[in-house]
Amino acid sequence: RLAAAVLKCGKRRIWMDPNEVTEISNANSRATIRKLVKDNLVYRKPVHVHTRFRTRLRAEAKRKGRHSGRGSRRGTAEARMPAKVQWMRRLRVLRRLLRKYRDAKKLNHKLYHELYLRVKGNVFKNKRNLMEHI
């Protein structure tokens, strides 16, 4: 305990020479501990390695879409990707397309408005669908 205090680390990180147990056990002051440290009978062990290698490998695999099967899922489909978020994304994509087409004079304002309302009414399931309809 005294050695840990002198070396400013935890008790687990202190190494004591097993051949010099008697000499070490006689040490009862900070000064004697410092002398043992100087003679290398007591020293601070290096910090344990906490590697992120496996974590990085797993993250890489997850980016490729692995480890996401039924058994790995915690939470409902709604919690993982809310239907509202999907709807908002789709709506924004379709409205952006309509706006682009209207500005490029591919749609007149009457057709634009009609399609805008259809988009709002969930008629087109994706961008390609809308483009084909146009």
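Predicted model: local features only at pLDDT ≥ 70, side-chain atom pairs only at ≥ 80, totals over all residues.

Author: Leu 91 is found in helix 6. Is Leu 91 buried or exposed? With a relative accessible area of 12%, Leu 91 is buried, because buried means under 20%. Sequence and space can be compared here too: Arg 73 is 18 residues away from Leu 91 along the chain, and their C-alpha atoms are 27 Å apart.

Helix 6 covers residues 83-103 and helix 7 covers residues 109-120. Two packed helices are described by the angle between their axes and the distance between the axes. For helix 6 and helix 7 the angle is about 170°, and the axes are 10 Å apart. Angles over 145 degrees count as roughly antiparallel, and helix 6 and helix 7 are therefore roughly antiparallel to each other.

Which residues make this contact? On the side of helix 6 they are Trp 87, Leu 91, Leu 94, Arg 95, Leu 98, Arg 99 and Arg 102. Helix 7 contributes Tyr 112, Leu 115, Tyr 116, Val 119 and Lys 120. Sorted by class, the contact has eight nonpolar residues, four charged ones and no polar ones.

Next, helix 7 on its own. With 12 residues at 1.5 Å a residue, helix 7 should span 16 Å, and its end C-alpha atoms are 16 Å apart, which agrees. Tyr 112, Leu 115 and Val 119 of helix 7 are buried. Looking down the axis of helix 7, you would find its buried residues within an arc of 70°, so they line one face of the helix. What covers these buried residues? The cover includes helix 6 and also helix 8, residues 127-133.

Most residues other than glycine have a negative phi, and most peptide bonds are trans. Lys 105, in the loop between helix 6 and helix 7, has a positive phi near 65° and is not a glycine. At 72% relative accessibility, Lys 105 counts as exposed, because exposed means over 50%. Helix 7 is then followed by Asn 122, whose phi is also positive, near 70°.

For comparison, look at another loop, the one between helix 4 (53-63) and helix 5 (77-80), where His 67 lies. His 67 is not a glycine either, and its phi is positive, about 60°. His 67 is partly exposed, with a relative accessible area of 34%.

Ala 4 sits in helix 1, residues 2-7. Its relative accessible area is 6%, so Ala 4 is buried. Which residues does Ala 4 touch, not counting those up to four places away in sequence? They are Cys 9, Gly 10, Lys 11 and Ile 14. Ala 4 and Ile 14 are 10 residues apart along the chain, and their C-alpha atoms are separated by 6.4 Å.

Terms used: Residues numbered from 1 in each chain as written. Heavy atoms only, no water. Axes fitted to C-alpha atoms, helices over the stretch in contact; angles between N-to-C directions. Helix = DSSP H or I, 4+ residues; strand = E, 2+ residues; numbered from the N terminus. Parallel < 35°, antiparallel > 145°, perpendicular 65-115°, else oblique. Contact = heavy atoms within 4.5 Å. Nonpolar A, V, L, I, M, F, W, Y, C, P; charged D, E, K, R; others polar. Expected span 1.5 Å × (residues − 1). Buried < 20%, exposed > 50% of the residue type's maximum accessible area, 1.4 Å probe, protein only. Arc of directions from axis to C-beta.
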